[in-house]
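Subject: Structure handover

Hello,

Here is the structure I said I would pass on. Please open it beside this email and follow along.

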Amino acid sequence: MIEPVADRHGLTILPIAKSMLTSTPIIESTSVEVAEKLCELANDICSLIQIKPFSSLYQSKQILLPQLHRLRYVTASSRIRQQLLAKNFKDFHGDELLEILDSTFLENHESSWLTFSTRKEQRSIHPIRQILLIRFLYGSFQSFISQLDKKYSPFGNAPWPCLNKAADHFRELIVQECQITRCSDTGRPVGTFFCECGFIYSRRGPDLSTEDKYKRGRIKAFGHVWFGKLQCCLQEGLSYRAIAKILGVDTHTVIKYADYTSPHPNEYVREPRKNVKKQSKPSANKSGLYQRVDWEKRDLQLSWNVEEECRKLLEESDKKPIKICARTIGKRIGRLAWLEKSKRKFPITMSILTKYLESDAQFQIRRVRWAARMMKDEWPLKRWKIEKMAGLNPGYGNEVLDEINRCIALTPIAEHLSSHGEGEVWVH
């Protein structure tokens, strides 16, 4: 039985809603199932009125978006699967209930109230419609209320496993520190995990199963334990491929760090090169004696410099993007001639550089993201403004246009919530 509740102004609100739901025209024209749903909705309104502050409902998106992630309504690029959401939403509530509450919509229409409720909009959504969406996502309004004060943990709670294959505690749950950031490319949460052995790794979330916590994305630091194991393997005379398997990295990584970790790199004897058709021309040093060029060592050093410079260009988020190409990297590290005329002598360097090279479309997409970040305080974002700041000429591809539309639609939830008060416009 629902008891009358007075609002902050002393007005008895619930009996009005109750009398509306028990009126003769509604009872006679609705099924028992719909009548029960209307009574449940009245209970939800009662619970909503008792929430203090009342604006809690307008902070619902802080919880709705993670729940949409959990229910697989969000793609890897942080887009809502609107058609699937609309179909399942209608199946859950039924057309009859939605018609009574004046909340019907077209499934494929981009301006429906359900579409606006899952992304940033310039208009508020009516509270009853928000309650309908909450009941669909959480099963009940009470489940939603119970999670208002819960912190969203896309990677679960500590401890997390250490994924350092060189450590004795590999895959053991000993990591206590995790920093969560947001991926600028996909909008998904990124967790960076710090172990006491010095190993730091990251991965994109959120975790959808218990096995996801054992997936490793990018290694940000190897740590002293990893380097100690590398030196032991080198001293045992193991091959680079065998060491890579033990340490859980690729062969190029082992080659890159082998000379830097050993106290006397020249002590390690490399296998003789086969099928060498032409000997390298000796070069003279200051003493007038000739010595052969160690191209392998030079290749390793150059690959380190190239990769470091490529990462710098990608991490300069506040500066206007510069396209990553062999000529640009060569000029920045002062080795343009090597990259243009001696490519065959630097196989490791060229393989690493190839991973970072950008096509025209990829570079345009990176400029679009940069322009959107520079205009993060502007709303609504305009397509022509992004094109102007990103320096796009007419005729760019569809993938660039899709990225522009994604940047326009993707906005921080907190910013939206702080800029909207209680809804005043019923969206049709």
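Where is the place of K213? K213 sits in the loop between β5 and β6. Helices and strands here are DSSP runs numbered from the N terminus, with helices being H or I of at least four residues and strands E of at least two.

Before the rest, some notes on the source. This is a predicted model, in which local features need pLDDT of at least 70 and side-chain atom pairs count only at pLDDT 80 or more, while totals for chains, interfaces and linings use all residues. Residues are numbered from 1 along each chain as its sequence is written, and side-chain values use heavy atoms, with hydrogens and water left out.

K213 is partly exposed, with a relative accessible area of 23%. The cut-offs are under 20% for buried, over 50% for exposed, and partly exposed in between (1.4 Å probe, protein chains only). K213 and P161 are 52 residues apart in sequence, yet their C-alpha atoms are 7.2 Å apart in space. Neighbours within four places in sequence aside, K213 is in contact (heavy atoms within 4.5 Å) with P161, L163, L173, Y201, R203 and D207.

The sheet

β3, β4, β5 and β6 form an open sheet in that order, with antiparallel pairing. Two strands pair if DSSP finds at least two bridges between them. The edge strands, β3 (177–182) and β6 (218–221), each pair on one side only. On average, neighbouring strands of this sheet are turned by 25° against each other, direction ignored. Strands β4 (residues 189–194) and β5 (residues 200–204) are joined by five bridges. In β5, Y201 is the residue opposite F193.

The cores

A nonpolar core is a set of buried Ala, Val, Leu, Ile, Met, Phe, Trp, Tyr and Cys residues joined through side-chain atoms within 4.5 Å. The largest has 31 residues, of which F89 and L114 touch the most other members. Several helices each supply at least two residues of this core, including α3 (32–50), α5 and α7 (113–117). The helix that gives the most is α8, with seven residues. Beyond four places in sequence, L114 is in contact with Q82, L85, A86, F89, F105 and L133. A second, separate core of 25 residues includes L163, A166, F199 and I243.

K90 lies in helix α5 (residues 82–93). K90 counts as buried, at 18% relative accessible area. Residues up to four places away in sequence not counted, K90 touches D95, L98, F105 and E107.

The cysteines

How many disulfides does the structure hold? The number is zero, where a disulfide is a pair of cysteine sulfur atoms within 2.5 Å. The sulfur of C162 has its closest cysteine sulfur in C195, at 3.6 Å, so the two are too far apart for a bond. C197 is in no disulfide either, and its nearest cysteine sulfur, that of C195, is 3.6 Å away. C162 is buried at 0% relative accessibility, and C197 is buried at 4%.

A helix pair

Two packed helices are described by the angle and the distance between their axes. The axes of α18 (residues 383–390) and α19 (residues 398–409) come within 10 Å and cross at roughly 120°. Axes are lines fitted to C-alpha atoms, for helices over the stretch in contact, and angles run from 0 to 180 degrees between N-to-C directions. R383, I386 and E387 of α18 make the contact with L401, I404 and I408 of α19.

Regards
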